[in-house]
Structure formats: C-alpha cells, structure tokens
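Reader: Could you walk me through how to read pockets, helix packing and exposure in a model like this one?

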Amino acid sequence: IGFRSRNIFADIGWGAMGYAMVLPLMLLVGAISSALFSRYHTPTNPASFETLAAQMTIDKALVLFLAAVAAPFVEEIMFRGLLYPALRKRWGSGGAAMLSAAIFSGVHPTLPGGFLGIGVIGLGLALLYEYRGSLLPGMVLHSINNALITLMGFALFAN
C-alpha cells in the first residue's frame, strides 16, 4: 500500500516541498476554474460548515484533527495506496496519475467549480507517491493543505 519510507525525515520534507510546489498551480487553476464555472452553482464543501459551527476550542481541535490528520490518512490510503497502483497496472503512471486525480476530485463535493483545483492537488499527490514510493509525503502535503484551509476558515469565521 505504501506504508514504507526510505527516510522518514526526507519524506516529510518532500511533502512540505511538494505543497510549496503545487500551491501556486492549484491557486491558478482554481481561479481559472472559478471563472469557467462562474455561471454554475458550486456547493460549499460541507467541511466548511463544520468549521463555521466549531465555536469551542475542543470543537475546533476536533475539526482540525479530522481535516488535517484523519482525512489525509484515509484518503491517501484509498486513492494513492490502493486506487493509483491498480490504475497504474493498466494505464501507466501518467494515465493513473490523471485518472486517480480526476476520481479524487470527483468525490469531493465541490463540483463543478472545485474540480480542477482539487484535481491539481490530486495529480501532485499521485506524482509524489510515484516518485517517493511512500504514502508519507502525500499525507504530509495533504495535511498541510487541509490544515491551512481549516485554520483560514477558523480565522474567517471568528466571532
């Protein structure tokens, strides 16, 4: 599945560096996607409502844990640990990366406007898994992304 690491500290660093590399492209593609789909309703991610509803510190800690630890752990196992290798056998690494990124994006409830932006991060996660051979860098990248989005939500929705 990918629960191995040649060097844990290097894989953590690759995850952080991967986030820094994918973020500008994700923001650019997200802006383009918003413009392309501005006439269509894109629902708000339900996680935003949890962020908004969290008023007490313990609630915020739980939301942050779910977004930044639990979700990346489970999603990386599902999409990069299980789906991506199965697709790679049939479609090769490039096709598997694109297809797994599209499926990853498709299951997030922000269609159509969020599809391309989430697809970019999914593509980055797949390529990072292919390059490092470990789920750890992708979990780190995914965790940083979700943590920052959640913390920005807390800041925006603060009383």
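Author: We will take the pockets, then a helix pair, then a tryptophan. This is a predicted model, where local features need pLDDT of at least 70 and side-chain atom pairs count only at pLDDT 80 or more, while totals for chains, interfaces and linings use all residues. Residues are numbered from 1 along each chain as its sequence is written, and side-chain values use heavy atoms, with hydrogens and water left out.

Reader: What volume does the largest pocket have?

Author: Rolling a probe the size of a water molecule over the atoms shows where empty space is left. A pocket here is an open set of points on a 1 Å grid over the protein atoms alone, where a 1.4 Å probe fits, with protein on both sides within 12 Å along at least five of seven lines. The largest pocket holds about 1,300 Å³, the volume being the space filled by probe spheres set on the points.

Reader: Which residues lie nearest the centre of the largest pocket?

Author: Of its 44 lining residues, those nearest the centre are Asn45, Thr110, Ile118, Asn145 and Ile149; lining residues have an atom within 4 Å of a point. Helices H1 (8-36), H2 (46-53), H3 (57-107), H4 (115-132) and H5 (136-156) each give two or more residues to this lining, and H5 gives the most, with nine. Helices are DSSP runs (H or I, at least four residues), numbered from the N terminus. The lining has 23 nonpolar, 19 polar and two charged residues. Ala, Val, Leu, Ile, Met, Phe, Trp, Tyr, Cys and Pro count as nonpolar, Asp, Glu, Lys and Arg as charged, and the others, Gly among them, as polar.

Reader: And which helix supplies the largest share of the lining of the second largest pocket?

Author: That is H4, with six residues. The second largest pocket has a volume of about 240 Å³, and its lining divides into ten nonpolar, two polar and no charged residues.

Reader: Is Trp91 buried or exposed?

Author: Trp91, in helix H3, is exposed, with a relative accessible area of 51% (exposed means over 50%, 1.4 Å probe, protein chains only).

Notes:
Buried < 20%, exposed > 50% of the residue type's maximum accessible area, 1.4 Å probe, protein only.
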